[in-house]
Amino acid sequence: MNIILDKPTTTEGLIKISLQESDYLPKVDEKIKDYAKKASIKGFRAGKVPFGVIRKMFGKSILVEEINYLISHAVTDYIKENKLRVLGDPMPNEEKARLIDWDAQKDFEFEFQIGLVNDFSVDVTSKVKMTKYVISVDSKVLNETLADVQQRFGEVSYPEESAAGDNLSGELTRVDGSMQNTYIPFDKISKKEQDKFIGVRKEDQITFDPMKTFSESVVRAQVLGLTEELADAQKGVVTLKVTNITRVSPAQVNQELFDKVFGKEVVTSEEAFMEKIKATISENYDRETTHLLDHEIQHHLVDHTNITMPETFLKQWLKNSSKGEVTDEILEKEFKSYAESLKWDLIKNKIAEDLSVNVDGTEVREKAKQMIAEQFGGAAIAAQLGDKMDSIADNYLSGQDGKGQNFMRIYNQLRQEKIIGAIKEKITIVEKNVTLEEFKKLVEKHNH
């Protein structure tokens, strides 16, 4: 067997494989003999079918199978041994393969097109400066959160007549005459329209314009039971026949509320309760700001790392491997996003290689146990289950199909977290205090 690599460009390669009869014949003959031992053919005793008969009946299919096996492994091994950084899968020259005469040829030639990425470097030094935003928890946010907690844990009642703040349920008749059950939260109603929903009783009917009544598209869509796009396109009025009125009286700030929110006697005073709420808000904010920082790091590295992508190859590979689902039109719209995702994968792999970032099976299992414990009630449940947690985690990681998709999902999650963590240790991160509103604007800008 002879394998060579032609590189017409820095991002394109052509692997050429030449096979002689001596490369495949021994294996083919061995398989034919094995077939002869097991074959059951009319006119011959089981296991006594002559070699020549088997060759005549199955020789070509065995030959094709063996050669396909040889060349596929040869390509894979060649890429590994030569440490080629390839994208996508090698694409065979199908036109050349179609011209093979399997009945007469003794020697064969195959070609595989590959997309290549040359060596590149990633700057993860202190010269890279990123901003970690710190959201201050002001009194306004604290009071709003307390009010929300009081509402969520408040006492629910069902009055005969609605007042300001009451939520309504009922049967909605849309503009086109179709009907559905719906729920209308009072705090989402525009102030100018709220009077329509006050002082109504069960069986009363309220006619309103959804566009004027709800300023948020998502709320309008939920009330109408439509997608946001369809809800925004609705013109005219709808009618609500009220079937239920729900009133929530805010919970009193006392020990009963403390216990409901944080657990029995975790906090025992209003001052400690407010400090705990403030700490919880800070933790939630920190998760959000960390999430934004991680994305900003990813975008910075993608934008500032010079990697030449084999675009022509990748587009053809995507079309070939999609079985007709990826068209030129789809590529035109989505290829840039796809290429950036591939580039980020290359950067992560390079950083993991340079900084020796690894994830082992034990870490994956421990993460799975942690996730399972959180799902079923925390550390107390984990302690009760004891050694059984290991088998539960193993079953979860192997999955019902036995393909280990959960294992790979957690493995990839941990690997990404470790890579981002290794990057943060190398670069310069400057903290900046912002308000919640300022942070929301930053997130909105990032998303665009």
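**View 1. Serine 282 counts as partly exposed, because its relative accessibility is 33%.** The bands used throughout are buried under 20% relative accessible area, exposed over 50% and partly exposed in between, with a 1.4 Å probe and protein chains only. Serine 282 sits in helix 9, residues 270-304. Helices here are DSSP runs of H or I with at least four residues, strands are runs of E with at least two, and both are numbered from the N terminus. Valine 134 is 148 residues away along the chain, yet 8.9 Å separates its C-alpha atom from that of serine 282.

A quick note on what you're looking at: this is a predicted model, where local features need pLDDT of at least 70, side-chain atom pairs count only at pLDDT 80 or more, and totals for chains, interfaces and linings use all residues. Residues are numbered from 1 along each chain as its sequence is written, and side-chain values use heavy atoms, with hydrogens and water left out.

**View 2. The whole protein chain, with 16 helices and 11 strands.** Along the principal axes, the C-alpha atoms fill a box of roughly 95 × 60 × 50 Å. The radius of gyration is 33 Å, while a compact globule of 448 residues would come in near 22 Å; that value is taken over C-alpha atoms, and the globule rule is 2.2 Å times the number of residues to the power 0.38. Of the 448 residues, 33% are buried.

**View 3. Threonine 246 in strand 10, residues 238-249.** Its relative accessible area is 14%, so threonine 246 is buried. Skip the neighbours within four places in sequence, and threonine 246 is in contact with Val156, Ser157, Tyr158, Asp166 and Asn167. Contact here means heavy atoms within 4.5 Å.

**View 4. The buried residues of helix 10, residues 311-321.** They are Phe313, Leu314, Trp317 and Leu318. These four cover an arc of only 130° around the axis, which puts them on the same side of helix 10; the arc is that of the directions from the helix axis to the C-beta atoms. As background, an α-helix has 3.6 residues a turn, so residues three or four places apart point the same way. The buried residues of helix 10 pack against strand 3 (86-92), strand 4 (108-116) and helix 11 (328-354).

**View 5. Lysine 323, in the loop between helix 10 and helix 11.** Phi is near 55° for lysine 323, a positive value in a residue other than glycine. Lysine 323 counts as exposed because its relative accessibility is 81%.

**View 6. Serine 356, in the loop between helix 11 and helix 12 (361-375).** Serine 356 isn't a glycine, but it has a positive phi of about 55°. With 56% relative accessibility, serine 356 counts as exposed.

**View 7. Helix 14, residues 388-398, and its buried residues Met389, Ala393 and Leu397.** They cover an arc of only 65° around the axis, which puts them on the same side of helix 14. Just after helix 14 comes glycine 399, with a positive phi of about 75°.
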